[in-house]
Every structure is written in C-alpha cells, then in structure tokens.
Amino acid sequence: MSDAGGPGLPSYPAGEETPLPADRLGLVALVVALAGAILACLPPVFFLGWIALPIGLTLAIVALRRPARRHGAAVAAVVVSIVGFIAAAVVFVVMLLVAFGEAVGPESSREEARSMASAERPADQEAPAVSMIQASSQARSFHAA
C-alpha cells in the first residue's frame, strides 16, 4: 500500500470514502437544547431554559450549515429545541393560570362560604362555641352570686 495521504495522515483504499468527522458542534447543540428543554419545564428555574433553548437552536443551525459533516445530532437539536419551546410555553401558561387562580380563587370562595353560612343560620341563633362560652360565664356568675 502506498502512503497516499501524506505524512501523518491515514491512507484509505481507493474504493472507500473517507469517514465524515464527528459533528461536535451538533452534539454540543443537542446537549444545550436538552438541558434547556428540561430546565424550561421546572418552575423555579424555567428562565434558564428560556436562555438555553435559543442558544441550542442557534448552535444547531450553525452545525447544519457546515459542509461535509454528519448532521444527525444537529437535526436532533433543532427538534428538541422546537419541542422544548412548545413545552416551555405550556408550562409558563399553566404557571400563570395557577398563580392567577391562587390570587383570585381563595378570596372569592371565602366570601361565598361566609355568605352561605350566614344565610343558613338565622340572625338570632349564635354559633355553638359562642353559646357554650356564654353559658359557662352565666353559670359562673350565677354561682358567684
């Protein structure tokens, strides 16, 4: 076999293609996109996901534009970034709805419970605990006299 590749370079038989180099940038984009998608779905740190997802998408697009590279990881990073954006938007909307429900819900339900309790009980009838306290204080004053 001749050393057709030159010094320091591997030689390949004439009928075989040279293997494409690994797409490291695509792999980095995939890792960043996965981390962003996971972080975007965790309410305490969702803002970190919103930062990592566009970075992963940008790296994936750059990796796809590079010629003569394998693009599997870069394509996967684009898909994960898009799915991550959708999941992050859903989580954000749910968080807003829950926060809005907690801010509005308990007050209105308390007021409804108070109005229902006062409507069920006649005005002259007191709560059982109040009447028991009054009865014990009347009994003490009766015995003291």
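From the N terminus on, the elements of this chain run α-α-α-α. That makes 4 helices and 0 strands. Both are DSSP runs numbered from the N terminus: helices are H or I with at least four residues, strands are E with at least two. The model is predicted, so local features need pLDDT of at least 70 and side-chain atom pairs count only at pLDDT 80 or more, while totals for chains, interfaces and linings use all residues. Residues are numbered from 1 along each chain as its sequence is written, and side-chain values use heavy atoms, with hydrogens and water left out.

Start inside. Of the 145 residues in the chain, 17% are buried. Buried means under 20% relative accessible area, exposed means over 50%, and partly exposed lies in between (1.4 Å probe, protein chains only). The largest nonpolar core has 5 residues: A29, L30, A60, A77 and V78. Helices α1 (24-40) and α3 (72-120) each give two or more residues to this core. A nonpolar core is a set of buried Ala, Val, Leu, Ile, Met, Phe, Trp, Tyr and Cys residues joined through side-chain atoms within 4.5 Å.

Now look at A29. Leaving out residues up to four places away in sequence, A29 touches G56, L59, A60 and A77. A contact means heavy atoms within 4.5 Å. Across the chain, take the contacts between residues at least 6 apart in sequence: 62% of them join residues at least 24 apart.

The chain exposes about 10,500 Å², and carbon and sulfur atoms supply 70% of it. Such areas come from the Shrake-Rupley method with a 1.4 Å probe; for residues, only the protein chains shown count as cover. V94 sits in helix α3. V94 is partly exposed, with a relative accessible area of 45%.
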